[in-house]
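Subject: Structure handover

Dear colleague,

Here is the structure for your files. My notes on what was found in it follow below.

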Amino acid sequence: MKIVIIHGQNHKGSTYRIARILAEKISCDIKEFFLPRDFGEFCVGCTKCFEESETKCPHYEKLNPLTEAMDEADVIILASPVYVYHATGAMKVFLDHYGYRWMVHRPEESMFKKQGVCISTAAGAGMNSTNKDMLDSMFFWGIAKRYKYGTAVAAVNWDSVSEKKKREIDKITSKIAKKIIKNSNKVKPGIKTKAFFLMMHFMQKNGFNPCDAKYWEAKGWTGQKRPWRT
């Protein structure tokens, strides 16, 4: 399996370590990107991606290597430490650029056959809200199977994390990896994703956004075709 990890920070702390531990339990084919080192441009709200094409985004060329890596991957891992109870600004900036890929607009077909994991750490709290920041995008992208793991490491760097906590991390990441491997090549969206897609199916029939409507029609999704069917 191909894995891509999008790290919401440049440094290699506890969140980075956990993401790597999990990825290495799944596959040796791993690509990594670090934010904002590999992408850090703010969305300027020009709406070009919605109204015309994502290629019209002023940051398209910089973002495209990350987009291609996610499209090629079987598993997408989004990893962010907790910053004031939420994902890092760099992760938010990255996710902002994929609004056009939400199911309400032009979702990427391959997402409906992928698995995704959101990972967050903090010294104390805030993992649930941080993971939700990332899980929201994963759901609206259409990622078929989504997992999350947030943990309080009670430390500010990996070397200071207790051996007991590291054993716990090893155990939980092994469980997630086992599920991902088991679901490989046969994952399908759940009822919630399918229901939301069906809502968008009816909405796109009305063609409120010409760019989106044309995309859905070309895919056959306003008819009987569905992105999770072969």
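**Pockets**

The largest pocket has a volume of about 440 Å³. This is a predicted model, in which local features need pLDDT of at least 70, side-chain atom pairs count only at pLDDT 80 or more, and totals for chains, interfaces and linings use all residues. Residues are numbered from 1 along each chain as its sequence is written, and side-chain values use heavy atoms, with hydrogens and water left out.

A pocket here is an open set of points on a 1 Å grid over the protein atoms alone, where a 1.4 Å probe fits, with protein on both sides within 12 Å along at least five of seven lines; lining residues have an atom within 4 Å of a point. Grid points are joined across faces, edges and corners, and the volume is the space filled by probe spheres set on the points.

The lining of the largest pocket numbers 29 residues, and Cys49, Glu54, His97, Tyr100 and Arg106 lie nearest the centre. By class it has 14 nonpolar, 8 polar and 7 charged residues (Ala, Val, Leu, Ile, Met, Phe, Trp, Tyr, Cys and Pro count as nonpolar, Asp, Glu, Lys and Arg as charged, and the others, Gly among them, as polar). Helix 2 (48-51), helix 3 (60-72) and helix 8 (210-219) each give at least two residues to this lining, and the largest share, 4 residues, is from helix 3. Helices (H or I, at least four residues) and strands (E, at least two) are DSSP runs, numbered from the N terminus.

The second largest pocket holds about 260 Å³ of space. It is lined by 15 residues, with Lys113, Lys114, Asn185, Lys186 and Val187 closest to its centre. These linings residues divide into 4 nonpolar, 6 polar and 5 charged.

**Arg101**

Arg101 sits in the loop between helix 4 (89-96) and strand 4 (115-122). Is Arg101 buried or exposed? With 8% relative accessibility, Arg101 is buried (under 20% relative accessible area, while exposed is over 50% and partly exposed is in between; 1.4 Å probe, protein chains only). Its side chain makes a polar contact of 3.4 Å with the side chain of Tyr100. A polar contact is a pair of N or O atoms within 3.5 Å; within protein, one must be able to donate a hydrogen and the other to accept it, and residues adjacent in sequence count only if both atoms are side-chain atoms. Beyond four places in sequence, Arg101 touches residues including Asp71, Arg106, Glu108 and Trp141 (contact means heavy atoms within 4.5 Å).

**Nonpolar cores**

The largest nonpolar core has 28 residues, and Ile6, Leu78, Met91 and Phe94 have the most contacts inside it. Such a core is a set of buried Ala, Val, Leu, Ile, Met, Phe, Trp, Tyr and Cys residues joined through side-chain atoms within 4.5 Å. Helix 4 gives the largest share of this core, 5 residues. A second, separate core has 23 residues, among them Ile5, Ile18, Val117 and Tyr147.

**Backbone**

Most residues other than glycine have a negative phi, and most peptide bonds are trans. Leu35 and Pro36 are joined by a cis peptide bond with omega of about 5°. Val84, not a glycine, has a positive phi of about 40°, and is exposed at 78% relative accessible area. Asn185 also has a positive phi, near 70°, and is exposed at 79%.

Regards
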